[in-house]
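Please find below a short note on the chain you sent. The points follow the order in which I would read the model.

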Amino acid sequence: RISPTVSPPPNRADAMAPAPLHRRRCLQQLGGAAAWLSATLAARQVQAAQDLDPRALGHLAPWPPGKARPELKALALDGQLRSLADYAGAPLILNFWASYCAPCRLEMAQFNRLLEQYRPQSLRVLAVNHGEMPARVLQFLQTVPFHGEALLDRSQTQLPAWGGIALPTSFVLDAQGQVRLWHVGEIDWLGPRAQAQLAAVLRG
């Protein structure tokens, strides 16, 4: 048997609250609902990525043979437009991230280690922020050190253009600009498997 739905009586304090206070409470409730929805969608995106290609979760996977390399259009923190041509001749890790993404935060420290480890091979790490305001990105970078180059994609078009459906998503390009490896989700970049794969790409 299904019980009829009965709406709870209005909160007397809310009913008597001044209009500005009532609006603030409504905005707070909407903010909480938006945060819950964002977390739910992120979880579903990760599950979708697992269903799409389990090989790409947990470790680097080969880029599909014959698949064209997408272009990159992003802004540097100084407002200058950046593309892959600006990094020609250097091996790259292209990482899509956001400040609200906990695994993204964890990867930043590992990217710093990689940049130090592979400095002789001229490795570059490009961290493309997915959709956030420059002020928020700068605030994040003040608390989470990152020694690579942070880029901005306010349009949120670059992640889907590269086939990404969740954050973080990363791509490894060789010095000739060819995509060699990719990964959806967090990865242990300092683990033996990822290290062996990176070393193979950097050897050319």
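How much space lies in the largest cavity?

1. The largest cavity holds about 30 Å³ of space. A cavity here is a set of points, on a 1 Å grid over the protein atoms alone, where a 1.4 Å probe fits but cannot get out; its volume is the space filled by probe spheres set on the points, which are joined across faces, edges and corners. By this rule there is one cavity of 30 Å³ or more.

2. This is a predicted model, in which local features need pLDDT of at least 70 and side-chain atom pairs count only at pLDDT 80 or more, while totals for chains, interfaces and linings use all residues. Residues are numbered from 1 along each chain as its sequence is written, and side-chain values use heavy atoms, with hydrogens and water left out.

3. Lining residues (an atom within 4 Å of a point) of the largest cavity are Pro91, Leu92, Ile93, Leu123, Val172, Leu173, Leu198, Val201 and Leu202. Two or more of them come from each of β4 (92–97), β7 (169–173) and α6 (192–203). The biggest share, three residues, is from α6.

4. By class, the lining of the largest cavity has nine nonpolar residues, no polar and no charged ones. Nonpolar covers Ala, Val, Leu, Ile, Met, Phe, Trp, Tyr, Cys and Pro; charged covers Asp, Glu, Lys and Arg; the others, Gly among them, are polar.

5. The chain has six helices and eight strands, taken as DSSP runs numbered from the N terminus (helices H or I, at least four residues; strands E, at least two). Their order along the sequence is α-α-β-β-β-β-α-β-α-β-α-β-β-α.

6. Of the 204 residues, 40% count as buried, meaning under 20% relative accessible area with a 1.4 Å probe, protein chains only.

Terms used. Buried < 20%, exposed > 50% of the residue type's maximum accessible area, 1.4 Å probe, protein only. 1 Å grid on protein atoms, 1.4 Å probe; cavity = no way out; pocket = protein on both sides within 12 Å on 5 of 7 lines; lining within 4 Å.
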